[in-house]
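Dear colleague,

I am handing over the structure below, together with an account of what was found in it. Please read the two side by side.

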Number of protein chains: 4
Amino acid sequence: MIRVAIIGASGYTGLESIEIVLRHPEAQLTYLTALPEECCRADEAFGSLKGRCSMTIEPLHLDKLSRQADVALCCLPHKVSMSFVPKLLETGIKVIDFSADYRLKDVTVYEEYYQVEHTDTGNLPRAAFGLPELFRDRIKEASLVANPGCYPTGATLAIAPLLRKGLIDTQTIIVNSVTGVSGGGKNPSPVFHFPNMNENILPYAIGSHRHMPEMEQIASEVAGEKVKILFQPHVGPFDRGILSTVYCDPKTEMSVEELGELYNDFYGNEPFVQVLDGPPAVKNVAKSNYCHVYPTIARGKIICFSVIDNLIKGASGQAIQNMNVIFALDETLGLA
Amino acid sequence: MIRVAIIGASGYTGLESIEIVLRHPEAQLTYLTALPEECCRADEAFGSLKGRCSMTIEPLHLDKLSRQADVALCCLPHKVSMSFVPKLLETGIKVIDFSADYRLKDVTVYEEYYQVEHTDTGNLPRAAFGLPELFRDRIKEASLVANPGCYPTGATLAIAPLLRKGLIDTQTIIVNSVTGVSGGGKNPSPVFHFPNMNENILPYAIGSHRHMPEMEQIASEVAGEKVKILFQPHVGPFDRGILSTVYCDPKTEMSVEELGELYNDFYGNEPFVQVLDGPPAVKNVAKSNYCHVYPTIARGKIICFSVIDNLIKGASGQAIQNMNVIFALDETLGLA
Amino acid sequence: MIRVAIIGASGYTGLESIEIVLRHPEAQLTYLTALPEECCRADEAFGSLKGRCSMTIEPLHLDKLSRQADVALCCLPHKVSMSFVPKLLETGIKVIDFSADYRLKDVTVYEEYYQVEHTDTGNLPRAAFGLPELFRDRIKEASLVANPGCYPTGATLAIAPLLRKGLIDTQTIIVNSVTGVSGGGKNPSPVFHFPNMNENILPYAIGSHRHMPEMEQIASEVAGEKVKILFQPHVGPFDRGILSTVYCDPKTEMSVEELGELYNDFYGNEPFVQVLDGPPAVKNVAKSNYCHVYPTIARGKIICFSVIDNLIKGASGQAIQNMNVIFALDETLGLA
Amino acid sequence: MIRVAIIGASGYTGLESIEIVLRHPEAQLTYLTALPEECCRADEAFGSLKGRCSMTIEPLHLDKLSRQADVALCCLPHKVSMSFVPKLLETGIKVIDFSADYRLKDVTVYEEYYQVEHTDTGNLPRAAFGLPELFRDRIKEASLVANPGCYPTGATLAIAPLLRKGLIDTQTIIVNSVTGVSGGGKNPSPVFHFPNMNENILPYAIGSHRHMPEMEQIASEVAGEKVKILFQPHVGPFDRGILSTVYCDPKTEMSVEELGELYNDFYGNEPFVQVLDGPPAVKNVAKSNYCHVYPTIARGKIICFSVIDNLIKGASGQAIQNMNVIFALDETLGLA
């Protein structure tokens, strides 16, 4: 049994992580922590855990962590995360970090987009980028995994086969995404107040979303050349899920059939990426770790669609998938 | 042209009031006020006013008010309201107050339910209860109207004909209501955070909702005897509307036809109360000042359903209806 | 491994059953059937099964069924069900029937409410009513289980402790429920067309819902006397869940503490019924087999609230719970 | 008083048109028609009209129409429309047609996209394209107005200033839109069944939507050269509204300020097009005839956002705006 600690268990990704581990046949929750002011019984923090989890969310003590856990899922926000991760790593356990702090390899880019100084550049090189479908080998060896952002997960899975084969112009990619509101976290705000957000849809973070450089980094790594992406996020009136519509320019002519074949070859062995032969729907992946992709061609452009659950494949599910990879378990355990 | 001031224009009922007056052929907005920290252009406070209202929401000055307005719609919360209303009345203008401060005739009940001392008992007797379908004559004469609560509006219209005729047991009435989230106002809170409230429905204020004594007061006045009501509110995942399901015990046997006739007689001349011959639906009254009622009989009980828009017939629309009554205009102006 | 067949796998409860069995460690799907015109790959019928279930939904052949399954979950509508169940039982396998055909012990009541002749009265006495919290012993022995209706599950769990102890008037119970739209099944209709149902809530089946006599039957059995219930259902703008608000008259005075104690005693060992000490919320049980109940007192009435997921505790989850009981497995397997 | 007939009054755009005319101070409804099987009282067809409209929807008789109406709003689907419009025109009244039948000037394109033969090419040249902000002068003179599609209205208003001034590459425009479900009309279907569409978002009509050539036609006319547009529509879980995100390549460098100035100059006198200086939100234009546009620049691309209510500015509201233009009334009458 893998002993799992969840650091920052009081938010939405904490809850999702708890629920997945509760169903995982080879893992068990041993330690839930949060900031002192958020500590309480887990089933008081989340009514849905009533009868399912009687643990208490406690303040973090490193010695307790090192004694009780084999892996920590670190569900803290950026900046806070890098102040804890070095200590977590020192205890000798594996760390899967949900924040952005270990995702961007270029510290300058990190500091520009997150507007804070990076205080743990020493551990940056150790961090494997936790998108198993693209970087599984590195994750296997890692003690620190930077769990990807939700948007980059959906968007890069949508176009990875094309990037890998060099089939599209890498300077003209447009990623248009719509996320559900849970992506904004659990803290109330005017824009996510129900009567404001319900029956609404709106763009935000125009030209400035922090997931844009992350997408570019992954895409560039897959393509083997510097990729430029224009990423435009929107938020819509639903809880879960991200739909990404990615517009690309093909370098050479290709048929829809060839495109489908390329994707089926690329993802044929991947349990969690399903290549569809028609438009995807967010609802079909809600509450699951699956990513549905659909590449097609319209008026000379390649359009690649992808859908994921932002809290699962875009966060907690992917973290458990990474955990399964690290501990050499069947990658789908707890996630089927 | 009636000159209308809106005091407390920065909340949901303020916005609804603005929108209705903009469409009113015999009224015009002349003054919008709010607390200093909420003052700004009206179309900055509410994006939906862009191009429709270029006024600025300003701090309240009584002399300006007295010079520029014939009537003030006072959209302030309880307790705040009674600190302003005496001053508004002194300027000589009519006041339609949205708060609970002038609704409950029994100060002891007010102080018990609102947990504050009543500081303007002097004006209480002047206040007409602003439910035109039941108290039109008093409203016509009033300089101060206590605009009713949203739940009491829907619930009492649902059973007024039965109460007036003494046809039901006045001690066993149960009002089960579901409101949309706008009823909770514009301030963000965890329970109304979109990912918490969406796909949810829940009861609240069990046995303690402040609208319960208000319902009992109106019902008692209509019935001519002391009425007891058990009121249970719930909040559901939609913006607007209240559905009330009212369970009553008939004193004598009655047929559904007699019931329908009673209601049609009672409300036959009322433009805004429509008696249906089948179940109502909240959506049919959304964004309107209408109340749909449907009385029927099941297993020996009378069940009366009513639907209203909580922000319109339950607040701003009813206020304008009251204004029309006071100024002897066609009661439907601005509300059709 | 228990081999599970799902008869009528093409509807919402079929899908839920498939998903639960896929996660069940001691059960496996061996046979999915539907009407010939609905037969296709399971992942074509339900996009959410892509990559998770490659089975095909086939026409039913009894010999294949008898060879391949230990238990059939029969997700057919009423009337259709009783034409298949006798044949299923003849194959010697266990049958858990989702329809109403074997729930009502009184054939006259069945025929009045369902407006069809009962064609399998011979098997009626064999059928155990599948609410494990109340009738576990009989289910253990049964070869045919009548899986309860969604509303009766929620409503009777809400008041069973009071009925068992004879603490409430059994002739004045009112059950006011709101269901999500999935309760209406997968067939499109005007009332459930998104632009009609969204932002709406409405009552239906006034005094005539088919689950009313079912509630009365269970309640009477628990109480040991004939119980009368006025049941009023409503449908609201959300996918899943039923909130029931049950109004009862206590026979003798009781404190809220005594009430809580009574419920905790009654349900203390039940994994799936959780007694809360505050108002429940539908969202906390969505996608789970849990029932949250909250009994309290207001103005001399006892009000009992319960929430369930109509498709899980109200249908497919409860069926699997019954299957676990029949096969002497841990009752929570596949449902945690 | 302008006498208004609504032909095809039984659908969503019929209802919206009725509601707008009811509020219009210079117009009155005189005749509502529909197919015989859809004829009934208007308030039976639409519960929201109860007490507001006591007219009956009747079968169409041309002589009655010619006697009773000055203008017909023809809310019929494409193909049906062109079989009625010639007859309507012969009666001598003005016709505002909601279908696509008179929008596309190129019959070949029409027949390719709509897969029917055009049977009234004779009246095509008479039809003014009913987007007043772009083609007001022609509408003034017209007896037949082709009321625009919802998507083309939002998308072309978003980029018209750039097209008119020749500032963007006309061959690389991408229009990414999300519509509310009312855009799909009133007929129930599996995809718009509430439990399927709620909590969902999905793309459709990839590379093939019928509004694509309509957008290209308008855009080409505004630009004075042939424009190519890749249009990708999606449908999201809300009733009303279209958000369009339009990606364009600027021909020369431009600042955000210059862009804003260009738009303010272009739309400065338009009552219904409001240029924002930040991201728009669909909810701010719901139930209104307004279009909010926001042009900005990100990573070298110009991104233009627009929001409209698909049933109002995208259909019935724009029709009334066109009617006001034709009859030389204040363009905002009935629409404020």
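**Contacts between chains**

The contact between chain B and chain A takes 13 residues from chain B and 13 residues from chain A, where two residues are in contact if their C-beta atoms, placed from the backbone, lie within 7 Å. On the side of chain B that touches chain A, the residues divide into seven nonpolar, four polar and two charged; Ala, Val, Leu, Ile, Met, Phe, Trp, Tyr, Cys and Pro count as nonpolar, Asp, Glu, Lys and Arg as charged, and the others, Gly among them, as polar.

Please bear in mind that this is a predicted model, in which local features need pLDDT of at least 70 and side-chain atom pairs count only at pLDDT 80 or more, while totals for chains, interfaces and linings use all residues. Residues are numbered from 1 along each chain as its sequence is written, and chains are lettered from A and ligands numbered from 1 in the order in which they are written.

The contact of chain A with chain D takes 32 residues from chain A and 32 residues from chain D. The elements giving two or more residues to the chain A side are E8, E9, E10, strand E11 (242-248), strand E13 (291-298) and strand E14 (301-308) of chain A, with helices (H or I, at least four residues) and strands (E, at least two) being DSSP runs numbered from the N terminus. By class, that side of chain A has 20 nonpolar, seven polar and five charged residues.

**The sheet that holds E10(A)**

Several of these strands belong to an open sheet of seven strands with mixed pairing, in the order E9-E10-E8-E11-E14-E13-E12 of chain A; two strands pair if DSSP finds at least two bridges between them. Its edge strands are E9 and strand E12 (273-275) of chain A, each of which pairs on one side only.

Strand E10 (residues 229-235) of chain A is mostly covered, with six of its seven residues buried, a residue being buried if 20 or more other C-beta atoms lie within 10 Å of its own, exposed if 12 or fewer, and partly exposed in between. Strand E8 (residues 173-179) of chain A runs parallel to E10(A) and is joined to it by seven bridges; there Leu230(A) is the bridge partner of Ile174(A), and Val178(A) stands opposite His234(A). Strand E9 (residues 202-203) of chain A, by contrast, runs antiparallel to E10(A) over two bridges, and Pro203(A) stands opposite His234(A).

Helix H10 (residues 256-267) of chain A lies across E12, E13 and E14 of chain A and runs at about 155° to E13(A), where axes are lines fitted to C-alpha atoms, for helices over the stretch in contact, and angles run from 0 to 180 degrees between N-to-C directions.

**The parallel sheet**

Chain A has another open sheet, in which seven strands pair in parallel in the order E3-E2-E1-E4-E5-E7-E6, with strand E3 (57-58) and strand E6 (127-129) as the edge strands. Strand E2 (residues 27-33) of chain A pairs with E3(A) over two bridges, and Thr33(A) stands opposite Glu58(A).

**A helix pair in chain B**

The axes of helix H1 (residues 12-23) and helix H11 (residues 312-326) of chain B come within 9 Å and cross at roughly 45°. H1(B) and H11(B) are therefore oblique to each other, given that angles under 35 degrees count as roughly parallel, over 145 as roughly antiparallel, 65 to 115 as roughly perpendicular and the rest as oblique.

With regards
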